[in-house]
Amino acid sequence: MILAATALSASLALAPDETIRPEVRLDISAAFPSGTPGVVLVESFSRDGASLGRREVRPAAKGEGCALPAGTARVRVSSPLHETCEAFVEPAKELVSCPMAARARFHPFGGRAGRVWARRNEPGAPFLAIPPLSKEWGGGFAVPRGRIDLVLAPDGSRGSLLRLVDAASLDGSRQPAKKSDPYRLKVRFVDASGAEMRDRPVVKVEPIVRPRKEEELELAAWTAFYERNGASVASGVLVLDPIPEERERVVFNMLFEGQPGIRLAAAGRLVDGVLDLGTIRLPRRTSLAVSIRSGLPDEEDTGPLTLDLSLVRPVPGLSPPARAPNLSREVRAGSAATFDQLIPGEYRLAVRTPDETVGSIEVPVAEGNENRLGLELTREAVAGRVEDENGKEIGDALVGLMRSWTRGRSRHEVRTDAQGSFRLEFLHAGGSVSVWTKPTADCATVAVELDPRGPDAAGVALRTRPGGISVRVRDATTKEPIGDARLELDVVLVDGRNGSMHGRTSLPDGVVRFCNLSAGSVRITATARGYEQAVREVEVDADRAAEVELGLERAAQLRGKVLGAAGAPVPGARVFGPLGPLVGFEGEPPSVVCGPDGTFEMDLPTGPSPTLLAVVATGHRLALRWMLPSPEEQPIFLVAAGSDEVVELRYADGVPVRDAWIVLQKDGLLVPGAIVEEAVSAGGCVFEPSSRDGFQRFGGCVEPGTYVLHARLFRPGGFAHLPLGAYQLPLPSGAELRSPLSEVP
Amino acid sequence: MKLPLRPAICVVLLAAAFRGGASPADGKPGSGLGPVSRAERPPSDDESEASRLREAARIEGLGGPATVTLARWLLSHSRFDEALPFLSHSCGARRDEWSCAAAATVHVARGEWVPARRIAAEYVERACFESDRLRTVTLLESPALAVTAGEGLVRLAPTDQMSYLLLAAAQHLSGLEEQAARTIAEGRRNRRTNVKLLESVRWGAVRSAPEPAP
């Protein structure tokens, strides 16, 4: 650090014609590098904010201070080397003190020239160009204190962004950035008519591959930088100066008002040391005209039709507009509708009557205004037969109709007759449909996709496959069949498709058969009340059914009672468990509901490790507890909603700690954060990244006890864990924990 | 009926891709940029390199990383017919984006639109990663839209010969023969090394390779 400090207290004498209140003096305490002039700029303001004058002040002698003009209510003292100091004149005081904190001064480019931008490391903080210090001030750059983002752009090199620099740690003898590739990007945009685009686009920097968290933050910082400083348009040419290091791993997304975003990579021809991407044409906005006529008898009125157009994805190199136009139109059969201001891409048009979706059509929408789609609303029929792998008919099989990308159960479902035949009738406006059958509840579906107006519609053959699996579930000790085991199959087929199926055993044999599977691997998960879960993976052949036997071990029982803060039972509380050790899970875990006296019973895995349970009850915070099975009734206390514990996290220099999570540990076990979505939305237990003010809020998830708290922070290369000490939770109402971090990790 | 892709499968395939030594950027749109892509590294001209790779592919089994390397070597020597089976194995077994894109563009260069579209459609429907190149192949059925897509490809991967080839194909199918020829020429200019795919184009005004012997 160059700041060879010489502490001075400045004093000055005002001109004789000014009214002086000798009792109000300004004491400036500032440090200057040796050999530089100790000059600061003092500006005085009246009570109504009007400036009373400004002047450069060169401290004359230590400890004398300077007199302020009459009527001064506020004073601002600044210098290129210091943080600006503002102080208020209090009526009863004779001395106004302004200690000036020195800024970090550094020479990032060695002896070469360059430019520097900086911003405070806060969301939305603007980048400000830092003027170089004159020789008189010792050269280099002086940057604000605290944690800052820096952009360094040495002349002749590309720019580099340094995130999360603690200004106090800046080294004045920093090595100059390597001179390497050209650092400027130049591109000229023309609209569809060839006219130059003169508006400055919003430039977003995006990664090519999914970024790590810190990369995401860095790219967001570049976007903020271009928004403020880095993008200029002159004579129709956009210049990005500088551009990030490793630019081959990012794309620039240029967003012009009212236009689709243009995505481009920074790779192209070099012209005079500048990366020149040449001229890029912005694609035309386009439109789609949809006409629909009725092929139904005159007396049949379907009512209004709704056309919903949705962008599946824009073509490569474009991104969707920030404001999507309204893509829904109401028409009647025999009329037309136009969607305009569309960006080129792949769309899907759904045609709906008030009752159902009657068409789902993929529509490529190209540039220009020639996109037309003619639809006809007709009544169609699909007929066919359901048969097994030997060609024998299957009667009473469920057959249904499905359209791509439409939600919900099909309204068109029938059962086959004794000959295995079926016929489905439905309204149709276009697109293909899938006809499926599920011969029995335990069989996988068979489906074919077809055009209902095509030749195949009259003779659809739905044939089951011989592949299948037969699962027998027994008590592992007694070998008796278990008649109420629930089986869940995750089916991963050879062709990469997957699905899941469910079944339940019944006595006397405890067997479930799943049929109509194609070759692939199957994971079987068996659960039964009073037993531990069992999982087995088997391979299924396409041409025969496999047989599997699962033996379930008896589970241990947990008896518990859910109690409110005052010790009163909480009837109706829902206890989820056992839960995995980590936050989040697929699907809803098993659960039980507490009885009127707050008690519950649950099967838990045997063994020495405790199991995690979650308790959800109206008016209470989500509770998470590690528990062991026991025949004794164990209490679980809930905390009323609305009570928070708060931790304030600040670095030693007072800067709030952001992007940090609080981690709680009790008896050597982590207390998980978010758990069940509904509980979170009810104000549950989420240890969020610290908010802007540096406070972490959590609460209600913990039962009374002593906890060890850690802060978990994102840092380049991984996480940093900082111990915050042990605390007794919950805290008394309104209390806060203050845990200043002593060091910057 | 389309079943949703299972994330676990994608994880397995992704792991397989990394075991094969692929860079995280491979198989991503724009991954043909500069030194990021494997496809940009000039392969050795030595014929013994091919023998070595054939042996490695035999030991490893078709579809492994050696298969991709061998296919790349064959492509760089304009031995497209030999390369196609290896590309198909790698595309089918590992859903390797580069292999699928290379196989599809070999067919595109020959004007064999149906197999090109089949390869691309299978990838787009089933693979875990998006692929701008293969999506553009599927869009060749709507040439006007494919032209816009091809222009986007060239913006995103201006050093990838496949970008120029697919843009030129879209222009050719739109009847813009002159522009297609310009695109191929620009591709050859921007790619100073391997332009074998661009040289193999056999349609329209940009026809640059001899017809195969009958």
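Chain A has an accessible surface of about 35,700 Å², and carbon and sulfur atoms hold 50% of that area; the areas come from the Shrake-Rupley method with a 1.4 Å probe, and for residues only the protein chains shown count as cover. This is a predicted model, in which local features need pLDDT of at least 70 and side-chain atom pairs count only at pLDDT 80 or more, while totals for chains, interfaces and linings use all residues. Residues are numbered from 1 along each chain as its sequence is written, chains are lettered from A and ligands numbered from 1 in the order in which they are written, and side-chain values use heavy atoms, with hydrogens and water left out.

**Overall make-up**

- Chain A contains two helices and 57 strands, where helices (H or I, at least four residues) and strands (E, at least two) are DSSP runs numbered from the N terminus.
- Chain A has 745 residues, and 49% of them count as buried; buried means under 20% relative accessible area, exposed over 50%, and partly exposed in between (1.4 Å probe, protein chains only).
- Among contacts in chain A with a separation of 6 or more, 64% come from residues 24 or more positions apart, a contact being heavy atoms within 4.5 Å.

**Salt bridges**

- Side chains of opposite charge can pair when their charged atoms come close.
- Over all chains, 34 salt bridges are found in the whole structure, each being a side-chain nitrogen of Lys or Arg within 4 Å of a carboxyl oxygen of Asp or Glu.
- One of them joins A:Arg76 and A:Glu86, whose closest N and O atoms are 3.4 Å apart.
- This pair links distant parts of the chain, ten residues apart, with A:Arg76 in strand β6 (residues 74-79) and A:Glu86 in strand β7 (residues 82-88).
- A:Arg76 is partly exposed at 29% relative accessible area, and A:Glu86 is partly exposed at 40%.
- A:Arg76 and A:Glu86 also belong to a network of salt bridges with A:Glu43 and A:Arg74.
- A:Arg415 and A:Asp396 form a salt bridge through their side chains, at 3.9 Å from N to O.
- A:Arg415 lies in strand β32 (residues 413-415) and A:Asp396 in the loop between β30 (368-387) and β31 (398-402), so this pair ties together parts that are 19 residues apart in sequence.
- A:Arg415 counts as partly exposed at 47% relative accessibility, and A:Asp396 is partly exposed at 49%.
- A salt bridge of 3.2 Å, N to O, joins the side chains of A:Arg423 and A:Glu425; A:Glu425 is partly exposed, with 42% relative accessibility.

**A:His428**

- A:His428 is part of strand β33 (residues 421-428) and counts as buried, with 0% relative accessibility.
- The side chain of A:His428 makes a polar contact of 3.0 Å with that of A:Arg403; a polar contact is a pair of N or O atoms within 3.5 Å, where within protein one must be able to donate a hydrogen and the other to accept it, and residues adjacent in sequence count only if both atoms are side-chain atoms.
- Beyond its neighbours within four places in sequence, A:His428 has contacts that include A:Val358, A:Glu376, A:Thr378, A:Pro452 and A:Arg453.

**A:Gly334**

- A:Gly334 sits in the loop between β26 (328-331) and β27 (336-342) and is exposed, with a relative accessible area of 62%.
- A:Gly334 and A:Ser294 are 40 residues apart in sequence, while their C-alpha atoms are 5.9 Å apart in space.
- Not counting residues up to four places away in sequence, A:Gly334 touches A:Ile292, A:Arg293 and A:Ser294.
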